[in-house]
Amino acid sequence: MGAFFHRHPGLTPYLLLAPGLAWLGLFFLVPLGYLAYQSLQSGVYPGFEFSWEVSNFPDALSEYREHFQRSFLYAGIATSVSLLLAYPLVYWIAFRAGPWRNLFLLAIVAPFFVSYLIRTLAWLNILADEGPVVGLLRDIHVLGADEGVLFTTLAVVAGITYNFFPFMALPLYVSLEQIDPRLLEAAKDLYASPTQAFLRVTLPLSAPGIVAGTLLTFIPAAGDFINAELLGTPKQQMIGNVIQAKFLESLDYPTAASLSFVLMALIVAGLLVYARLVGTEKLTG
Amino acid sequence: MTTTAVTAPRARLGLGARAWKAAKRHVLTVYAALAIVYLMLPIAVVILFSFNEPTGRFNYVWQEFTLDNWVNWDSVLGLRESVVTSLEIGVLATLVATVLGTLMAMGIVRYAFRGRGATNVLVFLPMSTPEIVLGASLLTLFLNTSVFTLGFWTIFIAHVMFIVSFIVVTVKARLIGFDRHLEEAAMDLGANEWTTFRKITLPLLAPGILAGALLGFALSIDDFVITYFNAGGEQTFPVFVWGIARVSVPPQVNVVASAIFLVAIAIALGNVLWQYRAARAQRQGAP
């Protein structure tokens, strides 16, 4: 250590970083250690004991396989739908909205200014059986006279899609906005049809935005439990609902901790693959 | 632009292509309008139902217009306290996280040092971890050590932890475009490091720091998941809403949400207008 500091007299960066790193270390890294520690315990509340209970992981996985599958399925659908919904909108803002782009961009972020729970609850109003949406769907016979949208898989996935939409739209916008219009002109001059220009120039150049948006949408969506709780039934419960209930209601900390750990591990594994593909500097900005 | 040179083959294609382009442009604009309506719809509903006078327990169906909910916004037991707690934690956590995050951003951007990559990863990780894992792991720390009792201060700790990364990223963006010659000039004119920092660095960084702080405050006020795991019996506004959502949501909750939305949107709109004017002034100023 001494030799290290001797070779690098610049202690300043470490002093600047120390308080923040200490906070993240103590309240982000150390807790992950405690989560691992808790996940290897056995027993019944409040008498948990650390016993290298490795079987907690396969047990948790097999017992709640359906919840994991549902989480990744719902998150996957919500992410894909967000991408399809966001791309044309953001494309329009980046290339057609003119000087008022920022205003439209603000419209994308605006849902964030309404509390998460409350904008989810708003869908209870919109999709209520007595409401205009369900009424219309019944009139055109998409839904039967006694069918509704609320408390179905559709409602949960729609809620997740809406709630994480800005996470998809913003990085997409950033990547589209950076595209040099001269490249599209060049494509045109070289006889590319608008479709070809889009597929060969715009789409590849927006790939970083697609990847970032996919990640930023998928990760929180996979851990979500609010949409399933408020807009679904026990049949739509995701892994987040189980973790939440185990931690705060049935006080089964070891199972809850192993489930959190498995979720985290699955996501980190995905992230590492991604980091290898695009490089850490791009990933961390 | 360059089309004049290749008139013959393009002119024939031109008509169809132009019609298609016009249609596409039109379709795209209509789509964008619809998408924005979709994004705004729940917000409109939240505000609309803050003026509703529900007849039963549930505020799901429109009944009658009233201003009572706005006038008596705190008539629901526990609502005012939860809003106050949210604001207190928001302000405190934002202040601390802004200081920590700004210092970190300066360290990361301005110095080449061993561990820079690892630091970047450590800053990035909390942003890419699902909230439920952040909340759950912090809860296991608090459960397994007897130093902390769940409540106000554990929420504060949690909020600083998850906000700080966002502030680092925001301030970093500002620092990267920073002209260091200004600082060198100040030093050449005899200012010491502290004076240079106070008179040059800080004012130039201020927009980035302010943006980071606003983002942090917004995240703190809105956070439910991490807070819920570490709140114990303490109630922030979102925790209060969660509790009451299982029974029935009174319109006063919509009032508070609408008020928060209107304040936030006013600040953001002000910022957009200011940027627009600045951009226009710059264009006009240019020869």
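In the predicted model, Leu143(B) is partly exposed, since 18 other C-beta atoms lie within 10 Å of its own, and burial requires 20 or more. The residue belongs to helix H5 of chain B.

When residues up to four places away in sequence are left out, Phe142(B) is in contact with Phe148(B), Leu150(B), Thr154(B) and Asn230(B). A separation of 51 Å is found between the C-alpha atoms of Phe142(B) and Leu28(B), which are 114 residues apart along the chain.

Chain B as a whole contains 11 helices and zero strands, and its pattern along the sequence is accordingly written α-α-α-α-α-α-α-α-α-α-α. The radius of gyration of chain B is 26 Å, whereas the globule rule gives 19 Å for 287 residues; the value is well over that figure, and chain B is therefore more spread out than a compact globule. The C-alpha trace of chain B extends over about 75 × 65 × 35 Å along its principal axes. Buried residues make up 38% of the 287 residues of chain B. Of the contacts in chain B between residues at least 6 apart in sequence, 76% are between residues at least 24 apart.

Chain A has 15 helices and two strands. Its radius of gyration is 24 Å, which is well over the 19 Å given by the globule rule for 285 residues, so chain A is also more spread out than a compact globule. A box of roughly 70 × 70 × 30 Å, taken along the principal axes, is filled by the C-alpha atoms of chain A. In chain A, 44% of the 285 residues count as buried. Contacts between residues 24 or more positions apart account for 68% of those in chain A with a separation of 6 or more.

Within chain A, helix H4 (residues 65-96) packs on helix H8 (residues 153-177): their axes come within 7 Å and cross at roughly 45°. The crossing of H4(A) past H8(A) is right-handed. The residues in the contact of H4(A) with H8(A) comprise 23 nonpolar, two polar and one charged.

The peptide bond between Tyr45(A) and Pro46(A) is cis, with omega about 0°. Pro46(A) is located in the loop that runs between strand E1 (41-42) and strand E2 (49-50) of chain A. Trp52(A), although not a glycine, has a positive phi of about 50°. The loop between E2 and helix H3 (56-63) of chain A holds Trp52(A), and this residue is exposed because 9 other C-beta atoms lie within 10 Å, the limit for exposure being 12 or fewer. A positive phi, about 60°, also occurs at Phe151(A), which is not a glycine either. Phe151(A) is placed in the loop between helix H7 (132-139) and H8 of chain A; with 17 C-beta neighbours inside 10 Å, the residue counts as partly exposed.

The contact between the two chains involves 76 residues from chain A and 75 residues from chain B. On the side of chain A that touches chain B, helix H2 (residues 12-39) of chain A gives the most, with 18 residues. By class, this side of chain A divides into 56 nonpolar, 15 polar and five charged residues.

A helix pair is also formed across the two chains. Helix H6 (residues 116-126) of chain A packs with helix H10 (residues 237-245) of chain B at an angle of about 30°, and their axes are 9 Å apart. H6(A) and H10(B) are therefore roughly parallel to each other, the class used for angles under 35 degrees. From H6(A), the contact is made by Tyr116(A), Leu117(A), Ile118(A) and Leu121(A), and from H10(B) by Pro238(B), Val241(B), Trp242(B) and Ala245(B). The contact of H6(A) with H10(B) has eight nonpolar residues, no polar and no charged.

Conventions: Residues numbered from 1 in each chain as written. Chains lettered and ligands numbered in written order. Predicted model: local features only at pLDDT ≥ 70, side-chain atom pairs only at ≥ 80, totals over all residues. Contact = placed C-beta atoms within 7 Å. Helix = DSSP H or I, 4+ residues; strand = E, 2+ residues; numbered from the N terminus. Nonpolar A, V, L, I, M, F, W, Y, C, P; charged D, E, K, R; others polar. Axes fitted to C-alpha atoms, helices over the stretch in contact; angles between N-to-C directions. Left-handed = near helix turned anticlockwise from the far one by under 90°. Rg over C-alpha atoms; globule rule 2.2 N^0.38 Å. Parallel < 35°, antiparallel > 145°, perpendicular 65-115°, else oblique.
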